[in-house]
Amino acid sequence: MAERFQSFGLATPPAARAMHADDAIALLKGGQARQASLLAYGNGRSYGDSCQNQAGTVIDMRSLNRIRGFNAESGLLEADAGVLLADVIAHAAPHGFFPAVVPGTQFVTLGGAIANDVHGKNHHRRGSFGCHVESFTLLRSDGRSYRCSATDNPRLFRATIGGMGLTGLILSASIRLMRVPSLDIIEKTARFRDLGEYFDLAEAADQANEYAVAWIDQLAGGRDSGRGLLFTGNHAEHGSHAAAPANAKFSVPFQPPFNVLNRPFLTAFNAAYRWKKGRAIVPRQVEYQGFFFPLDGVRDWNRLYGPKGLFQHQSVVPEEAARAIVPALLTAARQARQGSFLTVLKRFGGVRSPALLSFPRPGYTLTLDFPNRGAATLALLGELDRMTIAAGGAVNPYKDARMSAATFSASFPDWPRLEALRDPAFMSDFWARTAGSIDHRRRGAEAAE
């Protein structure tokens, strides 16, 4: 059976055609790539269509998976673009290093982490992934390989970080890792009654801890509305330096014909999760995989959403608007009778990314997962977009499979500058749907500014 190059949300069709990385490299070096015909595909952990190119071909980058070098004194690691973060962790952990920024899964490629400028639970201290990229090699359809850094080809450097794979093919990269006393985490859990109490706690939690993230009981209404748990963490002074095997303990072996994560299930899950996690009133030492990558423990958990898949909505709103808009977003979802399996709220700090287009910015980011129930879900997502933009916020493009051009343009007003540097041979379904539908004359004028 042919491999399906699919987005993790399962709500968009898999890529129609795929190409081995070596074949794509030969094609690009020969200057033979057709316009809008290519797009790099890492490990398919983007939820939407930013890693899809139905009109062309995706490039399977996972064969480029060699760690080329590591300096155990400085923490500088050089690796191929197809290396997974799990492999980076396993290689560097015995030397006392860990990636400065990790997303919610370790099964993303190095190239994908750069292309999406991913963020983690410590943006308030370390910024996004792009803040720790020293350099990379970029192959473009003119047949040339470009070394890109803050000083070498700086415009391509800034456009490629967060550029969703549109500036060319990242072949390898050098990143600077963070020295840590151990991989284990000292985790603290604090209950909060409502979002007002969370906001009162959030800034102090960020100042005192390397990591901070909140879980919200999205279905709770009335006087329980906005209740949740605030998790904070720091690397343990005395703990393990050995990376655990990156293997899931459980799996969903087949895709059920319906959505298992329905409202009754979510109500029971939220109650059990809040009871179990909320009992830990004293700090405890936990393994890093459970703290950073809890869902990695269940292989193919996204299948639980059934054949129609899921939509993930991630927004960020300015700090001054958060106390009003975050409760409003949750209320809108609850009134639409749409349940979110895991609802996460974090505070972004002021560390600027070198990226031309980067989703994280100062404020609060809310992430919601919804089963795809067709028109009703799309209508809710459109309303969440509208509310976010009206509050001066932005919607995350690599978590998206249906964003409008207007929402994208409002979220990323600098997008014409990326379009001006986009390699003509590279295109994604996301970019074609959003930037590609905006008037060409306006695009050209904005890029020239």
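The following legends describe close-up views of a predicted model.

**View 1. The eight-stranded open sheet.** Eight strands, paired in the antiparallel sense, make up an open sheet with the order β15-β11-β13-β12-β18-β19-β17-β20. The edges are taken by β15 (284–286) and β20 (394–395); each has a single partner strand, so one side of each lacks a neighbour in the sheet.

View 2. Strand β11 (residues 185–192) pairs with β15 through three bridges in the antiparallel sense. Within this pairing, Ile186 has Gln285 of β15 as its bridge partner. Helix α6 (residues 195–208) packs on the sheet, where it touches β11, β12 (211–216), β13 (228–235), β18 and β19. The direction of α6 makes about 50° with that of β18.

**View 3. Strand β19 and its neighbours.** Strand β19 (residues 363–371) is mostly covered, with nine of its nine residues buried. Antiparallel pairing joins β19 to β17 (residues 310–317) over eight bridges, and Leu310 stands opposite Pro371 of β19. Strand β18 (residues 344–348) also pairs with β19 in the antiparallel sense, over five bridges; here Lys346 has Thr365 as its bridge partner in β19. Helix α9 (residues 319–335) lies across β12, β17, β18 and β19, and runs at about 10° to β19.

View 4. Zero disulfides are found in a search of the whole structure. Cys148 is in no disulfide, and the nearest cysteine sulfur, that of Cys131, lies 17 Å away. Cys148 counts as buried because its relative accessibility is 0%. Cys51, at 8% relative accessibility, likewise counts as buried, the cut-off being under 20%.

Conventions. Residues are numbered from 1 along each chain as its sequence is written. This is a predicted model: local features need pLDDT of at least 70, side-chain atom pairs count only at pLDDT 80 or more; totals for chains, interfaces and linings use all residues. Side-chain values use heavy atoms; hydrogens and water are left out. Buried means under 20% relative accessible area, exposed over 50%, partly exposed in between (1.4 Å probe, protein chains only). Helices (H or I, at least four residues) and strands (E, at least two) are DSSP runs, numbered from the N terminus. Two strands pair if DSSP finds at least two bridges between them. A disulfide is a pair of cysteine sulfur atoms within 2.5 Å. Contact means heavy atoms within 4.5 Å. Axes are lines fitted to C-alpha atoms, for helices over the stretch in contact, and angles run from 0 to 180 degrees between N-to-C directions.
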